[in-house]
There are 2 protein chains.
Amino acid sequence: MLHNQEFVINAAGRKVPKIINGVPAVPYQGVGKYIPNAKKAAPPVCSSANYPLDGNKVVNDLKTALLKAGIRDGMTISTHHHFRDGDLVANVLFDVAAEIGVKNLRWFPSAAFPCHAPIIKHLESGVVQYIEGSMNGPLGDYCSAGKMRGLAVLRSHGGRYQAIQDGEVHVDIAVIAAPTADPFGNANGVTGPSACGLLGFALADAQYADRVIVVTDNLVDFPCYPWQIHGNLVDYVVKMDKIGEPSKIVSGTTEITKSPDRLLIAELAARFVAEAGIMKNGFSFQAGAGGTTLSFGIFLKELMQKAGVKARFVRGGSNKYLVQMLEEGLTDYILDGQTFDLDGIRSIRDNPRHITTSPFTSYNYHGKGNFASIVDVAVLGATEVDTNFNANVVTHSDGRLLHGIGGWQNCLFSKCTMLLFPSFRDRIPVIIDEVTTLTGPGELIDVIVTERGIAINPRRQDLLDALKTSSLPIRPINDIKNEIEDICGGKPARPEKGEKPVAVVKWVDGTILDTIWQVKDLRIEIK
Amino acid sequence: MLHNQEFVINAAGRKVPKIINGVPAVPYQGVGKYIPNAKKAAPPVCSSANYPLDGNKVVNDLKTALLKAGIRDGMTISTHHHFRDGDLVANVLFDVAAEIGVKNLRWFPSAAFPCHAPIIKHLESGVVQYIEGSMNGPLGDYCSAGKMRGLAVLRSHGGRYQAIQDGEVHVDIAVIAAPTADPFGNANGVTGPSACGLLGFALADAQYADRVIVVTDNLVDFPCYPWQIHGNLVDYVVKMDKIGEPSKIVSGTTEITKSPDRLLIAELAARFVAEAGIMKNGFSFQAGAGGTTLSFGIFLKELMQKAGVKARFVRGGSNKYLVQMLEEGLTDYILDGQTFDLDGIRSIRDNPRHITTSPFTSYNYHGKGNFASIVDVAVLGATEVDTNFNANVVTHSDGRLLHGIGGWQNCLFSKCTMLLFPSFRDRIPVIIDEVTTLTGPGELIDVIVTERGIAINPRRQDLLDALKTSSLPIRPINDIKNEIEDICGGKPARPEKGEKPVAVVKWVDGTILDTIWQVKDLRIEIK
């Protein structure tokens, strides 16, 4: 069915479907070009007359809550991914749905992880029709193999908020796993045995879903504060023995890279930020959680200390290195979207300058601005980049869908966006003629940093001027590309794309940026 | 025009208009009886493409902001009342509107105060067609005299949130005066020369208005935190020299009553709460800011200390006495809706257990429950009460509209609602046959406390049983009424009601509870 649908070439030159899961889609029109003339989604008006006056919304178990919420065939059920690979709720949720006997659900997670592989059996049996959300690991392979009975839709964190806010995705029932909650449904992620720090990825779900179920393993007396989720939006509260695997929710340690190449990349990037004049009193930065970008932060911190520079704010995902910066007075604030380690959780719980943000404040493109574009420099990764600075972050060069977009697309709007990556992986060049999947338009990517040099996007004459006399290895992107091809023995082989689309990549405004195609002969294991 | 419209008798037996300012209205149907089948208001979808990427939304002045916001004839402009009688923004706002030359605006404040008397000239000239919101003092008299070209609509704090949320009132432009803000529009009330503590009364306006203007006299670098108002909802930011008169925003002192009668009422009420078994570990209470209810809190505190009882939370309006309770460990939390003195502001700024709430969390009846009904005991005032415990809080016995509803209606949903009042004022009995204006249905009012005794609503057999052996002066309400009439020389004279409605009182669900009628021969001064 899917491969018979019609396609259109969008403004990025990519072939994208006109219809996605039965609903007409808007092809990508360029950065800032698509301005919708629409109203936000309008959830039903509720009445306190239908809720317990004493505020006690606790019901016996998840099955009771789902039945009371009116679960039925074809509904959209959402979950969040703050527990990452330690989530214990989504699998139970769909086991219960199977037990109830409903079919053809759309699972709308903010992201799915390898721990969710058991949901493949519900995809096979038809309890779940398809997944709409980032899929890491086995579910990504299941999708890449063309096994899912529906097109996956990949969105950024901001795009997911936008999609719910704009009514593009209507959530029937949101199931929000919360490390601490009270019987009224106020909930947070900062305390309890399954503490994850924040619950921002579930915010849009709480605000716009028809029915909201909070599941917790740490039920406290009203009021549970902070109320990252407002009980005024919650229908039912369920107590479970254990909602997350603490050791997998946060690692407890955050590893910086030991690779000499990656350390070099991180150092070059930090020096670039300093020499470009971005690193000055009151500046701001956001760096990802990977080993290279983590090391970038450590190098930058040293440069800041040496120069006596203090940041106004740094954006999290937080980790112990950002927390150290805050505690040592190198930044006024951490504006955090998710915590990556135990230091991050401790800090966001106890330090009033470690501030909770959400996809609404930070990333939603369909708001009256957002924080991402205020950030002076964002340091991110990529799986592939082309010579026009277009980048891929969701598929590998073999075409397999293996990563979510996360906040990556949203962060591209920073005043200076830098992509840090090794110039080749497994002897496959990373700078190529055309990216397998377009995830970020080149016009928003200002600088790439590899161990073989730094390339500045020609659109950024201001940066080229600022670095004119720098001793940094600043080179045209084609020079770096040619050098890599010499080393690797030519251009990389391109994956043979199947003819069947398996997923689409949305841009931050809800338009369709690219299509991900079935990978031929991909062997997957169904547990 | 208005007095030709048709009326209907509602479920409380009150004559109410069928049409209010051209829009059909739903008559009151009883507590918890009106369950709307509707969707919430849907504000326009915005795009960050239309907002400055660097987050700087500052424009030159309020006139520029209003023009950019597209102000035009007939629009609804909202403001909040956190500055109370010290507000300096609303008057300037309508002066600017007059200068621009727009007409027939609807002013939708969360409340108006005596300081807003200058707006009467804009009502006279037609810049403002009418006011929809609580009117204290001169504007109340202007309305009572039948001078306003439109029907005033009085709502509780929760009812105002409900009305905006449900789309009953569409705000075109919200003007939010904020003691501290950043150029992106993040704003709060806790710091700056015009600090008022919170900005919750402007929350619905920020969430649902088409255009939002933040006005501040304390512009700080991004991020202004806490962001009680999210910059993501703000269109323009304006810097003014002075937005509030600090001495009138918070009094700096909160006076307890010195009247022996009122002290007796407060003491009786506190003893009642203790003897009824409400005052136990983990309980909660809310008391108004008047002298009598303030003294109630002080008496209750003594009883709590004596009994070794600790509250889970107390609800503000906060003042130094509540702050003392928090600091002395007599309550885990203050859940605050507005701060009434400088101690309240200091505490909400510095103490993480002094928590910001809003009409959304605390009072909105069209949510999935709210905090008000979770409170164990609410202690409030009244201008009149009848023998069925129906109460009035907006008009005096002469029929003049002089007070707003505030959170009063919302608080009636507490587990035990007590009204404290002197049995007569100026030799006019307060317990009467029929209240001038019905503001609260008697079925929600559990206890009245006067200096001549305590009456328990016969619906509350549990309370009657609990106090059976008490030494407190518990009497049938008719006994107290008869005694007062003996003292005052009979029943009070009833005001001669005009035939023209000047305002309606809405119930928490948006239905029409009662009508306020023109007061004949009321002399008012127009400045």
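A residue is called buried if 20 or more other C-beta atoms lie within 10 Å of its own, exposed if 12 or fewer do, and partly exposed in between, with C-beta atoms placed from the backbone. Helices (H or I, at least four residues) and strands (E, at least two) are DSSP runs numbered from the N terminus.

The views below show a predicted model, in which local features need pLDDT of at least 70 and side-chain atom pairs count only at pLDDT 80 or more, while totals for chains, interfaces and linings use all residues. Residues are numbered from 1 along each chain as its sequence is written, and chains are lettered from A and ligands numbered from 1 in the order in which they are written.

**View 1. Helix α5 of chain B and its surroundings.** Helix α5 (residues 157-165) of chain B is mostly covered, nine of its nine residues being buried. These are B:His157, B:Gly158, B:Gly159, B:Arg160, B:Tyr161, B:Gln162, B:Ala163, B:Ile164 and B:Gln165. The buried residues of α5(B) pack against α6 (203-208), α12 (359-362), α13 (408-411) and β30 (497-506) of chain B, where two residues are in contact if their C-beta atoms, placed from the backbone, lie within 7 Å. Just after α5(B), B:Gly167 adopts a positive phi of about 80°.

**View 2. Helix α2 of chain A and its buried face.** In helix α2 (residues 90-100) of chain A, the buried residues are A:Ala90, A:Leu93, A:Phe94 and A:Ala97. Seen down the axis of α2(A), these buried residues fall within an arc of 85°, so they line one face of the helix; the arc is that of the directions from the helix axis to the C-beta atoms. The elements that cover them include α1 (62-68), β6 (76-79), β7 (105-109), α3 (119-125), β9 (128-131) and β12 (173-178) of chain A.

View 3. Eight strands of chain A make up an open sheet with mixed pairing, in the order β20-β19-β18-β17-β21-β24-β28-β29; two strands pair if DSSP finds at least two bridges between them. At the edges stand β20 (354-356) and β29 (453-456) of chain A, each with a single partner strand, so one side of each is left without a neighbour in the sheet. From one strand to the next the twist averages 20°, with axes taken as lines fitted to C-alpha atoms, for helices over the stretch in contact, and angles running from 0 to 180 degrees between N-to-C directions. Within this sheet, strand β17 (residues 283-287) of chain A pairs with strand β21 (residues 377-380) of chain A in the parallel sense over three bridges, and A:Gln286 has A:Ala378 as its bridge partner in β21(A). Helix α10 (residues 320-327) of chain A lies across β18 (311-315), β19 (331-336) and β20 of chain A, and runs at about 145° to β19(A). In the loop between β18 and α10 of chain A lies A:Gly317, which a cis peptide bond joins to A:Gly316, with omega about 15°.

**View 4. The surroundings of A:Ile445.** A:Ile445 is found in the loop between β27 (431-432) and β28 (447-450) of chain A, and counts as buried with 24 C-beta neighbours inside 10 Å. Leaving aside residues up to four places away in sequence, A:Ile445 touches A:Phe389, A:Ala391, A:Leu412, A:Thr417, A:Leu419, A:Gly440 and A:Asn457. The C-alpha atoms of A:Ile445 and A:Phe389 are separated by 6.1 Å, although these residues are 56 residues apart along the chain.

**View 5. Two loop residues with positive phi.** A:Asn21, which is not a glycine, has a positive phi of about 50° and lies in the loop between β3 (19-20) and β4 (23-24) of chain A. With 17 other C-beta atoms within 10 Å, A:Asn21 is partly exposed. B:Asp426, likewise not a glycine, has a positive phi of about 50° and lies in the loop between β25 (424-425) and β26 (428-429) of chain B. B:Asp426 is exposed, with 8 other C-beta atoms within 10 Å.
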